[in-house]
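Open the model in your viewer and keep the selection panel at hand. The tour goes from stop to stop.

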Amino acid sequence: MNDERNRICPVELANSLDSKIRGWLQNPQKILSPYVKEGMKVLDVGCGPGFFSVELAKMVGAGGKVYSIDLQEGMLQKLRYKIYGTPLEKIIQPIKCEKDEIVVPEKVDFILAFYMVHEVPDKDKFFATLKNILLENGEFLIVEPKLFHVSKKEFASTISKAEAVGFKAGEGLKLAFSFSSVLKIN
């Protein structure tokens with residue numbers, strides 16, 4: 001069962017990640033506005049086709065930067081297509097990462113990991129890497145799905161792993177069908 005939880009969402013399901021229903025249930029502006037401001041540098045981990053990346057780019061504006069990382073080139077291609085020829089093309093930088101390596105050009109003010117941490121096989125390394133990418137006063141929002149993917153116990157274990165590498169966990173958002181926490185460097 002653990003292997004199944006570590007599977008990544010296939011590119012073939014990318015359209016379901018960009019649906020209008022999702023936009024209504026998981027409104028990026030409402031979710032991100034407490035954390036993201038104009039001019040910030042942000043990291044969207046497991047960005048998929050860019051559901052959150054596009055809104056992050058609008059929020060940080062021309063003076064900011066969004067690093068959108070994903071394991072799957074197909075997801076990044078969908079994001080590139082979505083922003084092609086728009087001003088967002090200068091703000092969003094799609095980056096292909098590897099299963100065990102996340103590299104971005106600079107430290108960031110905010111990290112978003114939405115419905116993807118349960119897919120990470122080595123959470124200890126994942127959190128250690130992201131701690132090194134986050135600026136000292138930055139925030140890291142983790143949101144995980146309750147239904148069929150992550151139990152309360154599993155989410156608590158995930159947060160414990162983040163705390164073990166030096167994050168301090170705080171209360172997250174109240175989202176339907178989700179667990180969340182805001183991490184800061186301790």
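**A charge over a ring**

Select lysine 146 and phenylalanine 179: the lysine lies over the ring's face, 5.1 Å from its centre. The criterion for a charge over a ring is NZ of Lys or CZ of Arg within 6 Å of the ring centre and within 35 degrees of the ring normal.

This is a predicted model, where local features need pLDDT of at least 70, side-chain atom pairs count only at pLDDT 80 or more, and totals for chains, interfaces and linings use all residues. Residues are numbered from 1 along each chain as its sequence is written, and side-chain values use heavy atoms, with hydrogens and water left out.

**Aromatic pairs**

A search of the whole structure gives nine aromatic pairs. Rings of Phe, Tyr and Trp (its six-membered ring) pair if their centres lie within 6.5 Å; planes under 30 degrees apart are stacked, over 60 edge-to-face, the rest tilted.

Select tyrosine 35 and phenylalanine 110. They are stacked, at 5.7 Å centre to centre and 15° between the planes. Tyrosine 35 sits in the loop between helix 4 (28-32) and strand 1 (41-45), phenylalanine 110 in strand 4 (residues 108-114), so the pair ties together parts 75 residues apart in sequence. Helices (H or I, at least four residues) and strands (E, at least two) are DSSP runs, numbered from the N terminus. Tyrosine 35 counts as buried at 11% relative accessibility; phenylalanine 110 is buried at 0%. Buried means under 20% relative accessible area, exposed over 50%, partly exposed in between (1.4 Å probe, protein chains only).

Next, phenylalanine 140 and phenylalanine 167. This pair is edge-to-face: 5.6 Å between centres, 70° between planes. Strand 5 (residues 134-145) holds phenylalanine 140 and strand 6 (residues 167-171) holds phenylalanine 167, so parts 27 residues apart in sequence are tied together. Both residues are buried.

Then select Phe51, Phe52, Phe114 and Tyr115: ring pairs link them into a cluster.

**Aspartate 44**

Go to aspartate 44, in strand 1. Buried or exposed? Aspartate 44 counts as buried, at 3% relative accessibility. Its side chain makes a polar contact with the side chain of serine 53 at 2.7 Å. Such a contact is a pair of N or O atoms within 3.5 Å; within protein, one must be able to donate a hydrogen and the other to accept it, and residues adjacent in sequence count only if both atoms are side-chain atoms.
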